[in-house]
Amino acid sequence: HADAIKELCGKFKKEFPETLWLAVAATFKTVIVLKYREYAEELIGISQALNTTVEDIYVLNCINELVAMCTSIVARDKDDKLILARNLDFDHTNLVVKMHVNVVYKRNGREIARCGNIAGYIGIITCMKPQAFAVSINIRTTGNMQEFLQKLREGKPLTTWILREAVLNAKDYRDAVRMVTGRQMVTGSYIILAGVKNNEGTVITLGRDAPDNVRKLSKNTWFIAQCNSDVGHKGDIRTNWANEIMSKLERNNTSLETLLNPVLSNSPLFVPTTVATILMSPVDGYFRSVINLALKTKSGVSCLCICHLVSFSQLINYLILFVLSDFYSSCSLMLYFKQAASLPRMITLYLPATHIP
C-alpha cells in the first residue's frame, strides 16, 4: 500500500491550500505528541515504514474527517437480527481502493474486533465487535476549515480516534453509545450503531460539542438510512432514495445480501467514489467487505454524473459533455429533473454492472 498512500498524500497536498496544510501539520508536535502519545507513536511508525514525513501521514488522517462521503443503513432484518451496512466513498477512489484493508484487533491473542479501514489510517471508520455492536461513521459538514483547525489546536480528538476508543473499550452497545456521545471532537459526524438485541439501532448526529439529534429503531421504525445530510435536508437525493428503496424492499425481504444488492449496489448510493461496501451482523460476528473491483482491477471505470436540470438546454449541454468525455464508454449519466412535491425522476442513459462481490 506504500506507493498508493504516498501518492494520495501528494494529491491532497496539491489540492489543499499550503498554509492550511502546514497549520494542521504543526498541531502534530504542539498537540498530538503531548496529548495523544500512543497515536503519535503509531503515526511515526507508519511514516518511517513509508519513508515520508509524519506530518503528511497525520494530515492524511485528518482529511478523512472532511472529505469522505458515505451511506450507512442500520436495520432489523427478516429474521429479527440487527444488521448494519455501509458504502465507503472517498475522493481519489482509484488510489483509496488499493488502500482498503480489513483490520483485526486482538487483545491477549483473542480477536476483539474486525474493521474495514484505509491503510495509513489509525482511527476506525467501520467496525464490528462480535456479540456486542457494529458501528460506522459518516462525515457531517459543519462549520469551516478554520473552526476545524481551531479544535485541533484546542486538543480535541479526531472523530475516528473516538470511535477506535469505543470499539476497543466498550463492553456492549449501550456502552458504545455512551462513549461516542460524551466527547467533544474536531468536527461533526454521524455515528451509526447496531447492537445485538431488541431495538439496539441508532443514528447519532454529533456536533463538535454535543449530540444534535438521536434517532433510534423502534417497534414502528425498522430501519434508518443516513448519508451526509441532516434529517429533513432538502435535496438530499441519496437519503430519499435509500428510504424509498428500503420501504419498497420491506422488512420481510431485508438481509445483508439485499442491502448489498439492490440497495447499496445501485445509483445514487453506489457512485464513482465508492471504495467498498461493508456488511456487518454483530450478533453473528459476521463481517464482509465488498471491494469495487472495477477500480481495483482497472478493468473499467465507473463514472456517475448526477445533474439537477431545470431546462432542455441544460440537458443538451450535459449530453455533449458526456459524449465528449473520456469515460463515455464506461459510465452512467443520471439526470434528475426537479419536480414539485415529489422525488426527482431519473433517466439512466447507461449503467454498467461494475460492483462485483
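Student: Which cysteines form a disulfide here, and how far apart are their sulfur atoms?
Tutor: Keep in mind that this is a predicted model. A disulfide is a pair of cysteine sulfur atoms within 2.5 Å, and a search of the whole structure finds 1. The partners are cysteine 115 and cysteine 127, with their sulfur atoms 2.1 Å apart.

Student: Which strands does the pair link?
Tutor: Cysteine 115 and cysteine 127 are 12 residues apart, and the pair links distant parts of the chain. Cysteine 115 belongs to strand β4 (residues 110–118), and the strand holding cysteine 127 is β5 (residues 126–129).

Student: Is the link left-handed or right-handed?
Tutor: Look at the angle about the S-S bond: for cysteine 115 and cysteine 127 it is -50°. That link is left-handed.

Student: How do helices α2 and α4 pack, roughly parallel or roughly perpendicular?
Tutor: Helix α2 (residues 18–35) and helix α4 (residues 54–67) have their axes 9 Å apart and meet at an angle of about 105°. Angles of 65 to 115 degrees count as roughly perpendicular. So α2 relative to α4 is roughly perpendicular.

Technical notes. Residues are numbered from 1 along each chain as its sequence is written. This is a predicted model: local features need pLDDT of at least 70, side-chain atom pairs count only at pLDDT 80 or more; totals for chains, interfaces and linings use all residues. Side-chain values use heavy atoms; hydrogens and water are left out. Axes are lines fitted to C-alpha atoms, for helices over the stretch in contact, and angles run from 0 to 180 degrees between N-to-C directions. Helices (H or I, at least four residues) and strands (E, at least two) are DSSP runs, numbered from the N terminus. Angles under 35 degrees count as roughly parallel, over 145 as roughly antiparallel, 65 to 115 as roughly perpendicular and the rest as oblique.
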